[in-house]
Structure formats: C-alpha cells, structure tokens
Amino acid sequence: MQLARETIGSELQRFEEIFHEAMQSDVGLLNRIMADIAAHKGKQMRPMFVLLCARLCGGINDSSYRAALLVELLHTASLVHDDMVDDAMKRRGAFSVNALWKNRVSVMVGDQLFTKGVLLALDNNDPGLLKIYAAAIRQMIEGELIQMTKANKLSFEEKDYYDLIDAKTASFLAAACAAGASSACDNPETIQLLHNFGQKVGMAFQLKDDLFDYGSTDIGKPTGNDIKEKKVTLPLIYTVQHASPGLRKKLLHIVKHQHTNKDKVNFVVETVNQSGGLDYAAQKMMAYRDEAFRLLFTFPPSPVRAALEELVRYTTDRAY
C-alpha cells in the first residue's frame with residue numbers, strides 16, 4: 001500500500017490526528033478503552049479508499065475527512081460488537097474489549113462509537129453521508145441475522161455465499177468508496193460507479209480472507225477455523241459440489257457434527273486443498289478484482305487511479 005500512502009500522505013496524517021481526537025472521552029473508563037482500541041487499529045484501508053475516491057472525484061475536503069472518520073468509527077464499532085457475539089478473546093494480536101471488560105462494557109463501547117459517527121454526520125449537516133453508511137449497516141446486520149438463523153441449515157449454494165459476503169463485507173467497502181466520491185462531487189452516476197467498484201473490491205477481499213483458512217500461512221487465526229465455526233465458504237462449497245457421493249456425505253457429516261474434532265477438520269482442509277476448491281475460489285476472487293479494475297479504468301490515468309489500483313491488488317495479493 002506504499003503508493004497509496006505516498007499519494008495521500010499528508011491527508012492520511014491529518015486523518016490520524018482527527019481519528020485520535022475522536023477517540024478521546026471525558027469518561028475515564030471509556031477514554032482508557034478508546035485509547036487501547038486506537039493503539040491497535042488496523043491497516044485503515046477503508047479510510048484510504050474514502051480519501052482516494054474523493055481525490056479521484058475532485059479533491060479531499062472537510063466532508064471527505066468526515067466520511068473517512070465515520071467509516072472507521074462504524075467499522076470499529078462493528079468489530080467490538082462482533083468480538084462480543086463471537087466471544088473472541090483477541091483482536092489484531094491484542095486482547096479484545098470483550099476479553100478485558102466483558103459483554104456489558106463491549107455493548108456500550110460499540111454503541112458509543114456508533115453514536116459518535118451519527119453525531120459527526122448530523123452536527124456537520126451531512127445527511128447524504130449518513131444515508132450511504134446507514135444503508136450499508138442495514139445490509140451488514142441483515143446478513144449477520146440471516147447467517148445466524150441458518151446456522152443449523154448450512155447452505156452449499158454459491159449464490160447464498162455471494163449474497164452473504166456482499167451483505168457482510170462488500171456493502172461497507174462499497175459505501176466507503178461512494179461516500180468518498182459523494183464528498184467531492186454531486187454526479188450520481190460517478191458516485192454509483194465507485195459504489196459498484198467498492199462492492200467488487202469487497203467481494204474479492206472476503207474471498208481472499210476465506211482462502212486463508214485453508215492455507216498454511218500464519219495469519220493470526222488457526223487453519224480450519226471457519227469449519228470449526230460451521231462457516232461455509234466457497235472453497236468448501238466447490239469441494240462438496242464436486243465430490244463423490246460417499247466423500248460428500250463424509251464432508252457434510254464432519255462440518256455439521258464433528259467440526260470441533262481437530263483431526264476431522266484437518267481432513268476437510270486437506271480434501272479442499274486436493275479438490276481444486278482453492279483454485280476455483282481464487283479464480284472467482286480474481287474475476288471480482290478484474291471487474292473492479294474495469295470500473296476503475298473508466299477514469300483517466302493518474303497517480304490517484306494508480307494508487308487505487310495498488311490498493312485493489314493488495315486485497316488479493318496480501319499475505320494476511
């Protein structure tokens with residue numbers, strides 16, 4: 001992501017200042033928790049997409065910074081709540097809010113971050129910005145609820161998988177790109193184009209994450225973790241669909257009833273690796289990436305377009 005960071009270096013530095021200022025609180029406990037979250041922030045890809053899309057559409061302004069801050073606040077809030085729902089003890093190599101302060105505090109911290117984001121938009125008269133992100137949050141929540149209600153009725157249909165990752169992951173990156181564009185221009189077609197661009201990147205990003213679960217690279221979570229959590233992803237869907245009747249029956253039985261057995265999970269991982277499931281999912285990931293490029297390349301060549309191209313390539317080439 002070096003080119004992206006160089007292209008908007010001063011703007012990213014300004015964003016960092018705004019982000020850390022937003023994470024401060026007059027409440028002692030909340031300030032301590034927010035400081036801990038800020039100290040272990042992620043790669044901040046979403047704010048980078050916001051700022052680069054704003055630059056692509058005219059220029060970065062105060063509204064662009066608010067769009068970038070809002071996406072980071074909302075994303076952070078969703079992670080705090082996700083860790084609580086999943087009872088996760090670690091986040092980015094550090095103890096999660098849930099691990100240190102338990103569910104009750106996690107709920108309030110997540111709600112506080114959501115509220116900060118909403119007030120940020122309302123106080124600065126950015127209803128359009130709030131509308132873009134609210135639509136994405138609705139999709140994310142609906143996706144989570146659909147996944148929860150179907151937990152015992154595992155789907156091995158590709159369409160169901162694509163619909164789920166579109167709602168849970170791609171919708172938010174699409175919103176980030178649209179918000180960045182909206183902050184710098186008022187052309188509905190351009191804003192929609194970059195929304196579609198972000199959606200394709202988000203789909204590729206999630207496919208890459210799902211491929212990691214069947215690889216050997218140490219990415220901070222154990223291989224086969226998705227299987228243990230009964231999450232059906234594309235490599236497994238392909239394997240089940242193309243397996244012999246006997247093998248298909250065995251795989252389904254393990255995923256449904258033996259997903260906590262380490263040896264059984266390892267058998268599924270090895271079978272997926274041998275079946276071509278990884279290659280198939282990788283091909284689909286690259287197809288989404290190429291669709292994103294097709295949309296991006298409707299803009300004339302520029303350092304900003306090149307930086308966005310680099311970010312897209314990072315989503316599919318990253319090692320973690």
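The legends below describe close-up views of a predicted model. Local features need pLDDT of at least 70 and side-chain atom pairs count only at pLDDT 80 or more, whereas totals for chains, interfaces and linings use all residues. Residues are numbered from 1 along each chain as its sequence is written, and side-chain values use heavy atoms, with hydrogens and water left out.

**View A. The aromatic pair of Tyr162 and Tyr288.** A search of the whole structure finds seven aromatic pairs, that is, rings of Phe, Tyr and Trp (its six-membered ring) whose centres lie within 6.5 Å, with planes under 30 degrees apart counted as stacked, over 60 as edge-to-face and the rest as tilted. Tyr162 and Tyr288 form an edge-to-face pair, at 6.1 Å centre to centre and with 65 degrees between the planes. Because Tyr162 lies in helix H8 (residues 158-184) and Tyr288 in helix H14 (residues 277-296), the pair ties together parts that are 126 residues apart in sequence; helices here are DSSP runs of H or I with at least four residues, numbered from the N terminus. Both Tyr162 and Tyr288 are buried, meaning under 20% relative accessible area (1.4 Å probe, protein chains only). Ring pairs also link Tyr161 with Tyr162 and Tyr288 into a cluster.

**View B. Lys250 over the face of Phe267.** Lys250 lies at 4.1 Å from the ring centre of Phe267, where a charge sits over a ring if NZ of Lys or CZ of Arg is within 6 Å of the ring centre and within 35 degrees of the ring normal.

**View C. Arg318 over the face of Phe205.** The distance of Arg318 from the ring centre of Phe205 is 3.9 Å.

Conventions. Helices (H or I, at least four residues) and strands (E, at least two) are DSSP runs, numbered from the N terminus. Buried means under 20% relative accessible area, exposed over 50%, partly exposed in between (1.4 Å probe, protein chains only).
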